[in-house]
Amino acid sequence: MSKASSSVVPSDDSEHSSYFRRYEHRSPPIILPMSPLATSIWQCLAGLTIGLGLWYLHWRWTVSLNPDALTFSVLVALAETAAFLGTLLFFFDIWSEGDTAQKPPPRKRRQVGLDGDGPIAVDIFVTTFDEGVCVVRPTLSDACQVIVPDGVSLSISLLDDGKQPGMRALAEELGVDYLSRDTNHGFKAGNLRSALMQTRGDFIVICDADTRLFPSFLQNTLGYFRDDSVAWVQTPHWFYDVPDGQNWENLIRLANSSVGRSALRMLRRLSTKETVGEDPFLSDPIVFFDVIQRRRNRNHASFCCGAGSIHRREAIFSNALDRQIQDAKRSALICNLDVRRTHFATNDLQPFCYHVSEDILTSIKLHSIGWRSVFHPKIEARMLSPWSIEAWATQKLKYAGGTLDIMFRNNPIFSRAMPWRCRLHYAATFWSYFAVLWLPILLVAPVVSLLTGIAPVEAYSVEFFLHLLPLLLVNELAMFVACKGYDTHAGRALAVATLSIQVRAVAQVLLGKRPKFPATPKIPGTCRDWRHAKPAIGAVLIVCGASSWAVYATLNLYDGYSFSLLIVNIFWLLWNCGAYIRLLRMSAWLPPSCAESSESVASTPRLQASI
């Protein structure tokens, strides 16, 4: 049974309706696998990078430590060593692709390891908390257009955890089930648990309020469950509303003064792109999904990212059972629906873990008891990106806080039950968040050198450049090939730009505060908000001050200062400033319509949202 594709836009009179309509014409990118030749080139470059990195670190620890500033020098060398270990884990993470062979959707229950007769039942859950009708309407409308394969029955439910006005009426209007509950216990995970107790689907599709499924979703994902050890299938996230930016020539033409036009022309010459302002919040997740998640799939270690995933009900419930039940997943308690419903109705067990990062924590639990995951590389849904600095900061704090909380309280790395390759993949994720311990050292070291004239190496000699420059060059080439030419600098800029947020997340976790569950705002910002840019502003001022002093000290031949020290450290500071500037751009950015209106209004109310 097939249904025509829908291109639904909000029909209500919300002020945000035009926000969605503007991007309806966009189609998802076609994501291709990595060629065998490109894979071989990447792996050769990776091996060369590892060799050069070991050579560099050996030289750093045995020859280049500065005896006149040993503590400072050792701290920097430790930070470099920790960063290199992160590189090793990342290279393992993305070593090669291993797509799971796609199979046609099943027609009979036994083809996916289910007992009984009748159709395979699938539930689509659309979760909502504080999103408006204009966000949820297109999501439900597109869910209604999903093609239902032969032998499958489909039920769609709106899980309203915020009791928003109009949601029940919207569900009735579109002919979908409306599910709600009295409390918000467990937040999204609790919302899903409540819905699981009221439905009977064998497979569950999870959608956020803005997850708009394509008609092909079930056709392209259900077949993976022919392997009855597969617990869930994750599809890529595609943010269809990421801004394209503005053409440089248009900006130059609209400049108010000749000085402004001259400055823009100079920036245009320095830029390698035709536009400026594209993807202001570095939201495009293609590197994460097409490079990291896709390559973890070779070891069935891709983790669930919530929205755009489909889950086997049996696996979901096995997460909440004790070890004896987990080891006998097909026991009566699992297979007998009535027994299962009674058991969970009387016990506060958690099919999805009650956690701010319930998706990755549930993935860890299921991977630890023998279930496997599949990453489907084709985009099967569209979603909304953060369109304000508040939404961006809220999302990043949730990711950092949730991951760090899991790392300290539910770390799977030492779990013998989880396959060692899978553990290494999770270790790569956790180690990337540990960068909050050594990244500040690498960011501050050039400032210390410029202010004091003390270098973290014995000398910026020819030997120093011979050890460092080949490593940097080969690593850049390796990352370019490994990431299929995607912009890897955006990820590095994001690591620096989110540093203050990650420090805040670490502090919360170490103080015993559990991460909160704020919903990421799904509407564009209406004003500029500089609160989250304060660390970047301070960093830029410090960089300018340190650089100015170092230039003065070098020209006046102060002890310890040299042109090599000046050039090397200013280069690193300018490199880091690129990330600070991106954060300033985030704070200043407004959607085009808001930016135009702000020019004609003397003052704009500040958005008073709290993380």
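Tutor: Two strands pair if DSSP finds at least two bridges between them. Helices (H or I, at least four residues) and strands (E, at least two) are DSSP runs, numbered from the N terminus. The model is predicted, so local features need pLDDT of at least 70 and side-chain atom pairs pLDDT 80 or more, while totals for chains, interfaces and linings use all residues. Residues are numbered from 1 along each chain as its sequence is written, and side-chain values use heavy atoms, without hydrogens and water.

The sheet is open and has seven strands, in the order β3-β2-β1-β4-β9-β6-β10, with mixed pairing. Its edges are β3 (177-179) and β10 (372-375); each has a single partner strand, so one side of each lacks a neighbour in the sheet. From one strand to the next, the twist averages 25°.

At the β3 edge, β3 pairs with strand β2 (residues 152-160) in the parallel sense, over three bridges. There, S157 has D177 in β3 opposite to it.

Helix α4 (residues 133-143) lies across β1 (120-128) and β2, where contact means heavy atoms within 4.5 Å. The direction of α4 is at about 170° to that of β2; axes are lines fitted to C-alpha atoms, for helices over the stretch in contact, and angles run from 0 to 180 degrees between N-to-C directions.
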